[in-house]
Amino acid sequence: AALVEAEGGALYLNPEFTNVTGYALEDIPDRETFFASCYPDETYRNEVLAHWQESMTENKASGIFDVTCKDGTVKRLDMHATFFEDGRAILAAIDVTERERARQELADLKEQLQKERDTLLFTLEGLPFGAVLTESRGEILFINPEFTNITGYDLAAIPDMETAFHR
C-alpha cells in the first residue's frame, strides 16, 4: 500500500509494497518517478495513465497492470486507489502474477485438451469397425457411425453401458 499526498509526493510505502516491487520511498518519491520507474515503456505508461483517468469513479480507480520492479522483473499487480477530498490518495496493490500465470496455463491446457479430444473423436468416427467411448462410471460419451450401422443403436438409444447390456 502507498499513501500519496495531493501534490503527488509519496508519503508512505508499506513494507509489503517494497517487498513485492523492490521500491522504497526514496526510489519513487513522487508520482512522476513512480510512473516512470514502474512503467518504463512510455507507450504503456501512457496507456496506464489513460486507464486510471478513465476508470476514476466516485473517487476510486482500479486496474491490473504489468509493473516493472526495481530489479527489472515484471509483476502483474491488481491495483486499487481511493482518492480523498483533500487530494491525498491511498493505493493498494496485490501481486497476482502467479494467479494470472496459473490462469493462462489452465486456459492453455483446456485448449490443448480440446484439440486432443477433437482429434480422438475424428479418429473414432472414421474407424471401419464399431467403437464406443465411455467414461469410468459407464456413461457413453461417443458412438461412431459404424457402431450404429452394425447395431442400429445410437447415443440417444444407449446413454450408458447398463442400458447397452440390456438391449
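Here are some worked exercises on the predicted model above.

Before you start, residues are numbered from 1 along each chain as its sequence is written. Local features need pLDDT of at least 70, side-chain atom pairs count only at pLDDT 80 or more, totals for chains, interfaces and linings use all residues, and side-chain values use heavy atoms, with hydrogens and water left out.

**Exercise 1: the overall build**

Task: work out which pattern of helices and strands the chain follows, and set its radius of gyration beside that of a compact globule.

Solution: 
- Step 1. Start with the inventory: six helices and seven strands. Helices (H or I, at least four residues) and strands (E, at least two) are DSSP runs, numbered from the N terminus.
- Step 2. Now the radius of gyration, taken over C-alpha atoms, where the globule rule is 2.2 Å times the number of residues to the power 0.38. A compact globule of 167 residues would come out near 15 Å, but this chain has 28 Å.
- Step 3. Check the extents: the C-alpha trace spans about 80 × 30 × 30 Å along its principal axes.

**Exercise 2: burial, contacts and charge**

Task: find what share of the residues is buried, then describe the contacts and the charges.

Solution: 
- Step 1. Buried means under 20% relative accessible area, exposed over 50%, partly exposed in between (1.4 Å probe, protein chains only). Of the 167 residues, 27% count as buried.
- Step 2. The chain exposes about 11,100 Å², with 54% of that coming from carbon and sulfur atoms. These areas come from the Shrake-Rupley method with a 1.4 Å probe; for residues, only the protein chains shown count as cover.
- Step 3. Take contacts (heavy atoms within 4.5 Å). Among those between residues at least 6 apart in sequence, 24% join residues at least 24 apart.
- Step 4. Count charges: 15 side chains are positive and 32 negative, and the centres of the two sets lie 2 Å apart. Here Lys and Arg count as positive and Asp and Glu as negative, with His and the chain ends not counted; each charge is placed at NZ of Lys, CZ of Arg, CG of Asp or CD of Glu.

**Exercise 3: walking the strand pairs**

Solution: 
- Step 1. Two strands pair if DSSP finds at least two bridges between them.
- Step 2. Move on to S5 (residues 89–95), which is antiparallel to S4 and joined to it by seven bridges. Asp-78 stands opposite Ile-94, and Ala-81 opposite Leu-91.
- Step 3. This hairpin too has five residues between its strands, and Gly-87 in the turn has a positive phi of about 100°.
- Step 4. Finish with S1 (residues 2–4): three bridges join S1 to S5, again antiparallel. Ala-2 has Leu-91 as its bridge partner in S5.

**Exercise 4: Gly-126 and Arg-101**

Task: is each residue buried, partly exposed or exposed?

Solution: 
- Step 1. Gly-126 lies in the loop between H4 (97–125) and S6. Gly-126 counts as exposed because its relative accessibility is 61%.
- Step 2. Arg-101 is in H4, and counts as partly exposed at 42%.
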